[in-house]
Amino acid sequence: MRLIGMTLRTALRALRRNKMRSGLTMLGVVIGVAAVIAMVSIGEGANQAVKQQIESLGTNLLMVIPGATTSNGVRSGWGGVSTLTVGDSEAIGNEAPAVAGVSHLRRQVVQVVAGSLNWSTVAQGTTPSYAAVRNWPVAEGEFFTDADERGAARVAVLGQTVVDHLFGPGEDPVGAEIRIKDVPFRVIGVLEKKGQTAWGQDQDDVIVIPFRTAERRVIGAGILGTVDMVFATTSSAQELDEATRQITTLLRQRHRIQPGQDDDFTVRNLNDMARASETTSRLMASLLLAVASISLLVGGVGIMNILLVSVTERTREIGIRMAVGAKGRHILLQFLVEAIALSLAGGLAGVLLGIASARLISRLAGWPTLLSAGAMLGSLLFSAAVGVFFGFYPARKAARMDPIAALRYE
Amino acid sequence: MEPLIEIRDIWRVYEIGDSQVAALQGVTLEIERGDFVAVMGASGSGKSTLMNLLGCLDRPDRGSYRLGGREVASLGADELAEIRSHEIGFVFQSFNLIPRTSALENVELPLVYGGVPVAEQRERAREALRAVGLGDRAEHLPSQLSGGQQQRVAIARALVNRPSLLLADEPTGNLDSAASLEIMAIFERLNREGGITLIVVTHEPDIAAFARRVITFRDGRVVSDERHAAAAAPREARA
């Protein structure tokens, strides 16, 4: 025990003796660890943000949209062609066994007036199952029912953003009357806040009304019975691929698409999108981590270099220690402790610097960062390991010295 | 009683480039327990090589070395370190204290490596410093001590593990005559009162005169081995 205490004291004294040199030696590890911590925080932060955004769309969710990415050479995007119908949506619900819930919608940008205030937003006509399928419950009031849908009732459920723009603070929107494109509606509920999508769209800037009401009273124009989008859910993530296959087969049949012809619709798997963006951000994070680790290794080389100098400088001291009875392993331990002290102190300073940088980046660039305790502990352990790894060669060199030659060294 | 040191036909050959230099060429010696021996000879005569071998810092190429009845010529590095730690104390010409480390900690060093219980270390180190008259300088750094004081710290360090053999290589080579006499007086007292076996390498006849036995080397061989009358002369000179 005393030996370890003395070894540690000797090591710290040796490091203090050359403060400048020790500091510069540590700097490599400091920068390396700080980079690791900052990179991991940025990576984790991005990952978390993406995950939250994607989860906000709903889990185990499939989106069917009209038009394919390429359709007979004509590229068309979202809802470019109205090929999906209410019939398709109902068929998916009834005939695709892997599908647990289904909902469809049409939407249009509309002007909404409540009292003296007005706001331009998206009116979304959809089915009563929408709240369940999108996993989007109401915060106040209630969602519309099958009876509202059948009767094309003039009832509306508002997104939080719409509430914020049409009603003053403290005003209860539930029960209030609003006018959508001059048609009076009664507000029956307010949706929970859902936030932005991954592509920066405010999901809360929406008014949800019964599909039939939208078709008959608001959107009007266009072919009755077409939909802009169909949502389908499965009860587990494992069934998503099967559901995609079933929906594709079913819609190809219904649309009489011959084998070899392109689909006129697209099925999107949100879990896949989530996974893809997660993979991307994870890949980014590992690349950054690799770069940071390299600088940590470079720091280790710096430690080895300085330790070799130190071993040479203290050759005589090593000889004296051996003469008074130090064994090779005592000398080895002493220089190893010195290396570990250097790298660990560097690691500690690096963690602090890393936390500070992550905070600064998050403030200046506005990127989300997430400090990870694992990364901090990991980089401390790694820097200790760097100390052991790069300290071992100089320490062994010291331990294997010939005591006579060491004593005679000038 | 069996001699403390028994070496038989010891050879030590260095390879310098292509040529071989035999620093010791078949030396045979016995040194009794409690003896005070001076080893003399010109530089290159092999006396330092002999000291390194006797001090278990080096191993002979040929021959046998029995220290306290145990054959040590063929031991490994760790076993030799163990023997240095418990059986042998060194005093060097250039003191060889560890710089920027207090006198007390320098003296403690052999105890730490020798596995002496923690509770005992500090007290034994202080005691050793008191024995060389430096009880009040324990916290001083080597750079704050005179040459004679530094050498006394080195003697305290050499003695702190209570070795049976003290080896001193030109211990007064860097000291003025007053300090030299001081150091030799300490050696003499240790030998007379403590019964420690003392081997001093020197090329100064004044210093050798303190010893009871003077062995002279030339070209790796013993050329003379004389016994004095109990070191009487120097004691009179000092009085």
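Trainee: Which residue is the bridge partner of Arg66(B) in strand 5 of chain B?

Mentor: In strand 5 of chain B, Arg66(B) has Glu71(B) as its bridge partner. Keep in mind that this is a predicted model, in which local features need pLDDT of at least 70 and side-chain atom pairs count only at pLDDT 80 or more, while totals for chains, interfaces and linings use all residues. Residues are numbered from 1 along each chain as its sequence is written, and chains are lettered from A and ligands numbered from 1 in the order in which they are written.

Trainee: How do you know that strand 4 of chain B pairs with strand 5 of chain B?

Mentor: Strand 4 (residues 62-67) of chain B is joined to strand 5 of chain B by 2 bridges, and the two run antiparallel. Two strands pair if DSSP finds at least two bridges between them, so these 2 bridges meet the cut-off. The strands themselves are DSSP runs of E with at least two residues, just as helices are runs of H or I with at least four, and both are numbered from the N terminus.

Trainee: What makes strand 1 of chain B a partner of both strand 2 and strand 4 of chain B?

Mentor: Strand 1 (residues 5-16) of chain B pairs with strand 2 of chain B over 10 bridges in the antiparallel sense, and 5 bridges join strand 1 to strand 4 of chain B, again antiparallel. Within these pairings, Tyr14(B) has Val21(B) as its bridge partner in strand 2 of chain B, and Ile7(B) has Tyr65(B) in strand 4 of chain B. The hairpin of strands 1 and 2 of chain B has 2 residues between the strands, and there Gly17(B) takes a positive phi near 65°.

Trainee: Which strands of chain B are called edge strands, and why?

Mentor: The 4 strands form an open antiparallel sheet in the order 2-1-4-5 (chain B). Its edge strands are strand 2 (19-31) and strand 5 (70-71) of chain B, each pairing on one side only.

Trainee: Why are helix 3 and helix 4 of chain B called oblique to each other?

Mentor: Their axes, which are lines fitted to C-alpha atoms over the stretch in contact, come within 9 Å and cross at roughly 120°, on a scale from 0 to 180 degrees between N-to-C directions. Angles under 35 degrees count as roughly parallel, over 145 as roughly antiparallel and 65 to 115 as roughly perpendicular, with the rest oblique, and that makes helix 3 of chain B oblique to helix 4 of chain B. Among the residues that meet are Leu104(B) and Val107(B) in helix 3 of chain B, and Ala125(B) and Leu129(B) in helix 4 of chain B.

Trainee: What do the values say about helix 3 and helix 8 of chain A?

Mentor: Helix 3 (residues 86-95) and helix 8 (residues 240-254) of chain A pack at about 135° with their axes 10 Å apart, and they are therefore oblique to each other. The contact includes Ile92(A) of helix 3 and Leu250(A) of helix 8 of chain A.

Trainee: How many residues of chain B are in contact with chain A, and what counts as contact?

Mentor: Contact requires C-beta atoms, placed from the backbone, within 7 Å, and 20 residues of chain B are in contact with 20 residues of chain A. Helix 2 of chain B gives the most to the side of chain B that touches chain A, with 5 residues.

Conventions. Contact = placed C-beta atoms within 7 Å.
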